[in-house]
Amino acid sequence: RPRQRRAYQVFEEAKQGHLERECIEELCSQEEAREVFENDPETDYFYPRYLDCVSRHGPPHSKSPAFAACVQNLPDQCSPNPCNKEGTQVCQDLMGNFYCQCRAGWGGRLCDRDVNECSQQNGGCNQICLNKPGSFHCACYSGYTLTVDSRTCQDVDECADGRACGEARCSNLPGSYACLCDEGYAFSSQEKACQDVDECAEGRCEQACVNSPGGYTCHCDGRGGLKLSPDMNTCEDILPCVPFNVAKSVKSLYLGRMFSGTPVIRLRFKRLQPTRLLAEFDFRTFDPEGVLFFAGGHQDSAWIVLGLRAGRLELQLRYGGVGRVTSSGPIINHGTWQTISVEELDRNLVIKVNKDAVMKIAVAGDLFQLDRGLYHLNLTVGGIPFKEKDLVQPINPRLDGCMRSWNWLSGEDTTIQETVKANSKMQCFSVTERGSFYPGTGFAFYSLDYTRTSAAVGTEAAWEIEVVAWIRPATDTGVLLALVGGDRVVALSVALVDYHSTKKLKKQVPLAGHCLPIKVCDGQEHRVAVSVQKGEATLEVDGTRGQSEVSAAGLQESLAVLERHLQDAVCSFPTGPDVPVTSAPVTAFYRGCMTLEVNQQTLDLDEAAYKHSDITSHSCPPVEQASP
């Protein structure tokens, strides 16, 4: 082909009479030139005639006018057509030469070379230029369509078709569109609907996770001392923000350790001779009722029980099957130390407070009972050795009180001090104030009835929950009161929640109810009041009333659920309830001092259905004073 192209050049110059001898010699012999063209059908018609002109008029370099005339008179150069048929519009005979006029999109002498229009300014296309033999066309990316000029692309509004996103919201985008769902939902292209995202399956929570329509809630083991971190996914320790002085005295004996009412100390004395009872000790309490000690034999023999009722000393005694109850003296449950003594003296029992006799009761018999040659006396502290119903007058034996400097029968009880010293749970707080102390471990609960029956037949029973809590918290998180129904469902919860949790709980827990700020870490006492009844719920902190965080419909839904639970038995838990960690936004035990009043009745933890032994019913350690 290169030699063919050079031959054409030689022939064209020959026809013009401009060919030099040197150029002719480049073609070598005529035999070689013939080999160049003999296999090219487009030149079969031309070369023999050209050779005939050479033979008759001499070679081109002779510049013979006859040779030039012979060449110019050769036949039509476009027959047969030497041009590329697809790319040529017309072939023009130039009398010994030809010219191929190319169609648009083609080039080259024979119009056999495609012109790539896309290589120059993208062919004028707005987005995509597609080249093809002899032509090109413009195209658009997905989401666009060509305008009437066949070059410019414009966005397709897929949302104009209401079926694009089905139930979801459609948002048109440049070249595309998006199907939008509310937070917590994801679009399903197959269903063409928004479906709930199970965030719990994604492992977002460090501990427990509860998925809900459009959201999720992480829970931390509150009873294990954990709360949600600010990110509301991980957990962190619940740290005290107010230090309480919980130091204990190793020389004191705490009487309220056994909630069952069983004694904290049991002693048995044996004597060879009849011996009179002598008991003396210092005593401190805020508790109005309970048992200090029992002395005597078994239930049907002679015995005495020294206790408190309404803050005054009470002595119950049984001699010869006859029981008596005597109460006298000053009120002593004011939290200061009192010296109390009980002594058998000349057939009398003498009770003294701070060495002043407040009771003197004549008795017919001795407390020491003869058995098998020995005189026996049982003495129990902080409880009685039989059921309280078998007392002369029933009394709640549980007593949140403290003893020190005790002397039982002339000091023959030194082992008690060693036992108390080795067990801190048997020791009292060095300093106490009035109130109940919740150390952040263990719970208590009551069986309370919140319904009010009506005499009218067919009248729906009314219900009401009025709660007043005087609190002095040690931490910013914990349950003050929770009502738990069947299947351990939390029907109502009043709790302290730290601020960052409060903000997100409004989104995560649709029926979170009322929220109100409180300065829990100032070491001061605060009054929290809650009133819940049919159709209404209010929350007040230190006289400031809070606003509901839910809609009226949401509030009514919550109250209806609460009312259904109140128709059956519910347990009322001061501090954290015994429920699964996912049952409520807050399950942590309250820590600090608290006095609770429910429906105008002050709750006495000694009257609870159950109380953990670490919770003190009527005494609370003071807040530690900052060092100067």
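Predicted model: local features only at pLDDT ≥ 70, side-chain atom pairs only at ≥ 80, totals over all residues.

Visitor: Is Ala-469 buried or exposed?

Guide: Ala-469 has a relative accessible area of 2%. That value is under 20%, the cut-off for buried, so Ala-469 counts as buried.

Visitor: And what does Ala-469 touch?

Guide: Setting aside residues up to four places away in sequence, Ala-469 touches His-526, Arg-527, Val-528, Met-594, Thr-595 and Leu-596.

Visitor: How far is the C-alpha atom of Ala-469 from that of Val-494?

Guide: The two C-alpha atoms are separated by 9.9 Å, while the residues are 25 residues apart along the chain.

Visitor: Next topic: where is Ser-436 found?

Guide: Ser-436 is found in strand E33, residues 436-439. Ser-436 is buried, with a relative accessible area of 7%.

Visitor: Which backbone oxygen lies 2.5 Å from a polar atom of the Ser-436 side chain?

Guide: It is the backbone oxygen of Ser-617. Beyond its neighbours within four places in sequence, Ser-436 has contacts that include Thr-616, Ser-617 and His-618.

Visitor: Now the helix. What span should H8 have?

Guide: Helix H8 (residues 552-566) has 15 residues, so at 1.5 Å a residue it should span 21 Å. Its end C-alpha atoms are 21 Å apart, which agrees.

Visitor: Which residues of H8 are buried?

Guide: Among them are Leu-555, Leu-559, Leu-562 and Leu-566. The buried residues of H8 pack against several strands, including E36, the strand that holds Ala-469.

Methods:
Residues numbered from 1 in each chain as written. Heavy atoms only, no water. Helix = DSSP H or I, 4+ residues; strand = E, 2+ residues; numbered from the N terminus. Buried < 20%, exposed > 50% of the residue type's maximum accessible area, 1.4 Å probe, protein only. Polar contact = N/O pair within 3.5 Å; in protein donor to acceptor, adjacent residues only side chain to side chain. Contact = heavy atoms within 4.5 Å. Expected span 1.5 Å × (residues − 1).
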